[in-house]
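This briefing gathers a set of local features, arranged by topic, for reading alongside the sequence and the structure.

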Amino acid sequence: MKNKFQINDPFWSYYQELVGKVMLPYQYEVLNDSLDDPDIEKSHSFENFRIAAGESDGAFYGQVFQDSDTAKWLEAVAYSLMVNPDEALEKKADEIIALIGRAQQPDGYLNTYFIAQNTEKRWQNLQECHELYCAGHMIEAGVAYYEATGKEELLSIVRKNADLIYRLFITEKREGVAGHPEIELALVRLYRVTGDARYLTLAKHFIDVRGTNPNFFAEERQKSGWSLWNMNPQNTDYTQVTHPVREEQNAVGHAVRAVYLYTGMAMTAKETNDPTLTAACERMWDSIVNKRMYLTGGIGSSAEAGEAFTLDYDLPNSTAYSETCAAIGLIFFAKAMLELTHDAKYADVMELALYNTVLAGVQRDGTRFFYTNPLEADPAYIKKLPGLQHVYAKRPKWHACACCPPNEARLLASLNRYAWHEDGEILYSDLFISGEYRPDAQTTITTETGYPYDGVVTYHISSAKKITFAVRMSAWSPLTSVAVNGSSRRYRLGNQYVLLENLVDGDTVSVQFDLTPSKMYANPKVHADEGKCAIMAGPLVYCFEDCDNGDLNQFSVSRIGDIHSVSIQDERIGNVNILKVPAWKFAPSDSLYSFQRPKAEPAVLTAVPYYAWGNREIGKMKVWIWEY
């Protein structure tokens, strides 16, 4: 299955080309341990498969979920091949797939950690050992590679593995769920591409039984008598097993696990038409977006709690975890909810996480990656103070836990799939990206835009039939105009989409969004942001860096004055609009405390898009800044 939407966009084409030309070749070398660089963490991911296949000596190395790095890389390759065919890259992927097939056991089992050294311990530690998680990522890779190339080798491998899991948990009625959800959404994808209802049954089973026995992981530990990481099996919130999913009231626990689970729930709800599951998803969405999400679309506020949600409105800036994978997972959840409900509020958050946290996670050159994404950083404190050990002043070349780099690659390569969705005859424009959308053989919609720095989006209709076209009305644009063939008038609104009916060949739709920079203020319950403001222009959150302004601790934003946007070209961050923000600069003092207010003089601060921070000189960064 080829992409219905082909991107040809002044902003996004750069990133899709970066994936194919830089990120995937670079990541292949890292996963293959081919780069002799002391700053690059050893992966051994491919080598683990060679060991499991009996083709190499040595021991398993890396995280227990190291197989998932290979799986996500293969999935990213699949999406990249859909966009830009590459015979050399495809050949490398085929070779890795063949290796995976040789490592797979006769019964379908596939996990190099256990094949290589712990065969007798399979399925004994679902809480910690990620067997179902790794299976899920490999299933996603198999589905994507089949869709991209038509080749069935990896699809056959993952079906054999899924059939084994079905026998264990459905036929033989083995108790248990994944400690790290992922397989649920993967099984729905496998069902959709194969039509085999067993996979949907298995996905629904894992969702339905989750939380029905909150003590399962503790009982599992007692029965097996061993632990990998000494995780606390009594911390049932962390693994989202405190309550059955339909009874949970708040988004809890490890943020990535949570949104992967919620994505699987939403996908299953769509396939089974289950209103109780839909209601649970909507409740989790409200908990995240209205009480536990950063302005940048980042989620997971605490490192000490385990990359996790904590309490409502607990959103610290400098100690934020906001893992790149969590933002990607939030996009998965948003996409699934969008297809389930056709409500534009999900596309708004999908866009927010994409343009801010996800893009911030990768260096513009494609070879460095943030794992965590704080909203404030000071290199003088990072790694030196308690609570800041997880924060980086600059993006590393790789990570010992390398879930984020290949996740970045697979999302950016598959961006085509997030720009549009369909509901019967209605075609929904969710993200504003230039390119050609072909929903069927009779219709082509060509989009032209300079978004996110230009608010004009133009659609050209070429169709042999009448179509109904829906355009998202973004929540951040207070003034939006829509015109068909130059005529502006009121149009029917549904779930914050403008519905344009009976469009015909030759029609042109023009939408003008308001990208005026605006100050944002947090709910007063967010104590970290009291007295502060942040700045957005369209979907972009902006931040301040020392390299543009000097010591940020000496500045506050002025309560009055207009913010001006200036277009610049800088090869380190690309063509961007920076903002000139009226401010006050406070004179430093030799005294730690004083009876006198600091003297202030007018100044102008420069703000850059949050996604661009850390690409130039290392220094302080702030999203939220005092307003004076």
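**Pro214 and its surroundings**

Once residues within four places in sequence are set aside, Pro214 is in contact with Thr236, Val241 and Thr242. The model is a predicted one, and the points below should be read with that in mind.

- Pro214 sits in the loop that runs between α9 (197–209) and α10 (216–224), and with a relative accessibility of 27% it counts as partly exposed.
- Between Pro214 and Glu140 there are 28 Å in space, C-alpha to C-alpha, and the two are 74 residues apart in sequence.

**Helix packing**

Two packed helices are described by the angle between their axes and the distance between the axes.

- Helix α1 (residues 12–31) packs with helix α3 (residues 67–83) at an angle of about 150°, and their axes are 10 Å apart; because angles over 145 degrees count as roughly antiparallel, α1 and α3 are roughly antiparallel to each other.
- In this pair α1 passes α3 in a left-handed crossing, where Gln16, Gly20, Leu24, Gln27, Tyr28 and Leu31 in α1 meet Asp69, Thr70, Trp73, Ala76, Val77, Ser80 and Val83 in α3.
- Sorted by class, the residues in the contact of α1 with α3 are 7 nonpolar, 5 polar and 1 charged.
- Helix α4 (residues 87–103) and helix α6 (residues 131–149) have axes that come within 13 Å and cross at roughly 135°, which makes α4 oblique to α6.
- The crossing of α4 and α6 is left-handed, and the contact is formed by Glu90, Ala93, Asp94, Ile97 and Ile100 of α4 together with Met138, Tyr145 and Thr149 of α6.
- The contact of α4 with α6 comprises 5 nonpolar, 1 polar and 2 charged residues.

- Helix α13 is mostly covered, since 17 of its 18 residues are buried.

**Buried residues and their contacts**

- Thr296, in the loop between α12 (275–291) and α13, is buried at a relative accessible area of 0%.
- Apart from residues up to four places away in sequence, Thr296 touches Leu352, Ala353, Asn356, Thr357, Leu375, Val541 and Tyr610.
- Asn407 belongs to helix α15 (residues 404–413) and is likewise buried, with a relative accessible area of 0%.
- Not counting residues up to four places away in sequence, Asn407 touches Lys72, Tyr260, Cys325 and Ile328.

**Backbone geometry**

Most residues other than glycine have a negative phi, and most peptide bonds are trans.

- His342 is not a glycine, yet has a positive phi of about 60°.
- Lys173 is not a glycine either, and has a positive phi of about 60°; Lys173 lies in the loop between α7 (153–171) and α8 (183–194), where a relative accessibility of 68% makes it count as exposed.
- Tyr451 and Pro452 are joined by a cis peptide bond, for which omega is about 10°, and Pro452 lies in the loop between β6 (443–449) and β7 (456–463).

Terms used: Residues numbered from 1 in each chain as written. Predicted model: local features only at pLDDT ≥ 70, side-chain atom pairs only at ≥ 80, totals over all residues. Heavy atoms only, no water. Axes fitted to C-alpha atoms, helices over the stretch in contact; angles between N-to-C directions. Helix = DSSP H or I, 4+ residues; strand = E, 2+ residues; numbered from the N terminus. Parallel < 35°, antiparallel > 145°, perpendicular 65-115°, else oblique. Left-handed = near helix turned anticlockwise from the far one by under 90°. Contact = heavy atoms within 4.5 Å. Nonpolar A, V, L, I, M, F, W, Y, C, P; charged D, E, K, R; others polar. Buried < 20%, exposed > 50% of the residue type's maximum accessible area, 1.4 Å probe, protein only.
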